[in-house]
Amino acid sequence: MTVAKEVKFDMLRRLRVADYVTLSNAFCGVLAIFTSTHQYFIIAHVLIFLGYEFDRFDGMIARWRNETSEMGKQLDSFSDLISFVLAPVFMLYSLGLRTPADQAILSFFVLCGVARLARFNVSSHLTPKDVDGKSLYHEGLPTAYAALIISTAVAVAQWLSVTDDLASKVSFPSTWGEVHIATVPLIVLGAGMVSKRFKLKLDGGLSIPASTVVIFGACWLVSPLDL
């Protein structure tokens, strides 16, 4: 009977360059969660944005170095779960959106994000690809785009000192009590993530950084930060 030879730190030996870039995405997501708990929402947004860039580049590096693997796919999904599903939810929760109705909506968003990432893992090979192996469109709203929408809104609100307006409530005559208006769009974002009919033909490689510069450039013109 053949006995497999034990190799110490086998996992580290299996990791490729692209995998370390993917782990950098997860690291940014963890830091975004930590900074959100202290209500440093602008920093948290920057970290989520950096996580998005790492998520974008790990695929490019994997295709360039021919390092695509099942390990890399799983690492990518778990990293996206941290940076683009949990981190934005922690931002909203730390902002004070904590009523029972808020928590139900936040939970719905997390479940939709988990479902989308799982579906992507098992069906991404069915999406039409270009000559470089990149998908021609996104089936459903990518978790990264949903996260950036949320984190941008919260960061801009803190920059302009209007977080109290973002955390305004609506009362319901039921045991659910109150719900913050800011959590309601998460229902649309969550549904968009799991939708099969919604096909997004958008390459965020240039459009997202450009829109980020425009948004925060406008914030700077309105209310420059004291650095």
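This is a short tour of the structure above, stop by stop.

**Before you start**

The model is predicted, so local features need pLDDT of at least 70 and side-chain atom pairs count only at pLDDT 80 or more, while totals for chains, interfaces and linings use all residues. Residues are numbered from 1 along each chain as its sequence is written, and side-chain values use heavy atoms, with hydrogens and water left out.

**Stop 1: the whole protein**

Show everything as a cartoon. You will find nine helices and four strands; helices (H or I, at least four residues) and strands (E, at least two) are DSSP runs, numbered from the N terminus. Follow the chain from the N terminus and the elements run α-α-α-α-α-β-α-α-β-β-α-β-α. Of the 227 residues, 43% count as buried (buried means under 20% relative accessible area, exposed over 50%, partly exposed in between, with a 1.4 Å probe and protein chains only).

**Stop 2: helices α2 and α3**

Two packed helices are described by the angle between their axes and the distance between the axes. Select residues 17-37 for α2 and residues 41-64 for α3. Their axes come within 8 Å and cross at roughly 170°; axes are lines fitted to C-alpha atoms, for helices over the stretch in contact, and angles run from 0 to 180 degrees between N-to-C directions. The pair is therefore roughly antiparallel (under 35 degrees counts as roughly parallel, over 145 as roughly antiparallel, 65 to 115 as roughly perpendicular and the rest as oblique).

**Stop 3: His45**

Stay on α3 and pick His45, which lies in this helix. Is His45 buried or exposed? His45 is buried, with a relative accessible area of 3%.

**Stop 4: Cys219**

Move to helix α9, residues 204-222, and select Cys219. Cys219 is buried too, with a relative accessible area of 5%. Which residues is Cys219 in contact with, leaving aside its neighbours within four places in sequence? They are Val156, Trp159, Leu160 and Pro224.

Technical notes. Contact = heavy atoms within 4.5 Å.
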